[in-house]
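Look at the sequence and the structure shown here. The paragraphs after them go from the single chain to the way two chains meet.

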Number of protein chains: 2
Amino acid sequence: MKRLTPWLIVAATLAGGVVFTERAPRHAAAQQAAPIFVSEIPSGYRDWRLISVAHEEGDLHSFAAVLGNDVAIGAYREKKPLFPDGTIIAALHYRHAPSEENNKAFGRDQSFVAGLPTNIQFMIKDSRKYAATGGWGFGHFQDGKPSTDAAMMNACFGCHQQMKARDLVFTRYAP
Amino acid sequence: MKRLTPWLIVAATLAGGVVFTERAPRHAAAQQAAPIFVSEIPSGYRDWRLISVAHEEGDLHSFAAVLGNDVAIGAYREKKPLFPDGTIIAALHYRHAPSEENNKAFGRDQSFVAGLPTNIQFMIKDSRKYAATGGWGFGHFQDGKPSTDAAMMNACFGCHQQMKARDLVFTRYAP
């Protein structure tokens, strides 16, 4: 293995310490570039309007209602190429659960409904605060608490970056 | 074929005319007993709040967002045993469609989204107007036009009657 060069040692030391050398500006920039995640659930999200619905199979078996605040709904309806600051998109996730009572009524196994709630995810647009992650803050809440799984949270931006043509947003508006 | 009895002739005459005999109350009841369906799309339904999501397989491959007007949402949240007059529930149906762009981003086939819109169904509670169908008026709209398929429309009440314990409503409120 290569030994650490002096430059790398300096950089590693600075990363955890107080900034008081000529490297200060560069370090401050590095701090800004660290991802910031959404740490509080936006109030009133359950009353927001519908963007669309979603269903993930694979290992997830997840059923979602995707809602947007007024800024989000306005941007979707006006087909804005970029969502303005203040946009919040909420994905309310539930288990994708078969409905025994519906199947009984329909006389066949065909019906799936929202089962137990699993998590709620948010995307908040604030191009300054969340500059490091394309202007979007990502949040993942389970039982009302934000996720502390750094690997999972860091993956949000990486995955959403694949949707650059739609300002990092997967969900299309359902008419 | 049996000839019409005088009683039936009287009734038939009355059916199209002004009620001025002692048969009036019975005749009015008979008129009420004919199913009445919802013939106009309630305005503003796309801005209503979310009740839940639904997915029907079998022959349907249907994806739904179920929305409610303020009366509906209030009744659900207060867990009222009966929905009050003025309640409207809207089921916005789409094709349950695989999403190629999502699957590409996720690296596996797992994602389903709202495809083309197929129909919108409404249930409107008006215990007088829709007395013949449990106080609910049923409506089914395709391309903005109400269904003229009598068999299908008559089937609504029959099927929903199986949900008597929940005032004929299938959809439960998703938290």
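Two strands count as paired if DSSP finds at least two bridges between them.

The model is a predicted one. Its scores are ipTM 0.82 and pTM 0.83. For chain A the average pLDDT is 86, and 81% of the residues score at least 70. Residues 1–30 of chain A have a pLDDT below 50, and beyond near neighbours in sequence this stretch makes six contacts in the model. Where pLDDT is low, the predicted coordinates should not be read in detail.

Chain A contains five helices and six strands. Along the sequence they follow the pattern α-α-β-β-α-β-α-β-β-β-α. Of the 175 residues in chain A, 32% count as buried. Among the contacts in chain A between residues at least 6 apart in sequence, 49% join residues at least 24 apart.

Which of its residues are buried? They are Ala72(A), Ile73(A), Ala75(A) and Tyr76(A). These residues cover an arc of only 165 degrees around the axis, which puts them on the same side of helix 3 of chain A. The buried residues of helix 3 of chain A pack against strand 1, strand 2 (62–68) and strand 3 (88–98) of chain A. Just after this helix, Lys79(A) takes a positive phi of about 50 degrees.

Now turn to the strands, followed here in chain B. Strand 1 of chain B pairs with strand 2 of chain B over seven bridges, in the antiparallel sense. Within that pairing, Ala54(B) has Ala64(B) of strand 2 as its bridge partner. The hairpin formed by these two strands of chain B has five residues between the strands, and in it Gly58(B) takes a positive phi near 65 degrees.

Strand 2 of chain B also pairs with strand 3 of chain B, again antiparallel and over seven bridges. There, Ser62(B) stands opposite Arg95(B) of strand 3. Strand 3 of chain B is in turn joined to strand 4 of chain B by 10 bridges, and these two strands run antiparallel. In this pairing Ala90(B) stands opposite Phe122(B) of strand 4.

How many residues of strand 3 of chain B are buried? Eight of its 11 residues, 88–98, are buried, so the strand is largely enclosed by the rest of the structure. Strand 1 of chain B is mostly covered as well, with six of its eight residues buried.

The next step is the meeting of the chains. In all, 30 residues of chain B are in contact with 30 residues of chain A. On the side of chain B that touches chain A, strand 1 (49–56), strand 2 (62–68), helix 4 (100–106) and strand 4 (111–125) each supply at least two residues. The largest share, seven residues, comes from strand 1 of chain B. By type, the residues on this side of chain B divide into 18 nonpolar, seven polar and five charged.

Strands also pair across the two chains. Strand 4 of chain A, residues 111–125, is joined to strand 1 of chain B by three bridges, and the two run antiparallel. Strand 1 of chain A, residues 49–56, pairs with strand 4 of chain B in the antiparallel sense, over three bridges. In that pairing the bridge partner of His55(A) is Phe112(B).

Methods
Residues numbered from 1 in each chain as written. Chains lettered and ligands numbered in written order. Predicted model: local features only at pLDDT ≥ 70, side-chain atom pairs only at ≥ 80, totals over all residues. Contact = placed C-beta atoms within 7 Å. Helix = DSSP H or I, 4+ residues; strand = E, 2+ residues; numbered from the N terminus. Nonpolar A, V, L, I, M, F, W, Y, C, P; charged D, E, K, R; others polar. Buried ≥ 20, exposed ≤ 12 C-beta atoms within 10 Å, placed from the backbone. pLDDT = per-residue confidence, 0-100. Arc of directions from axis to C-beta.
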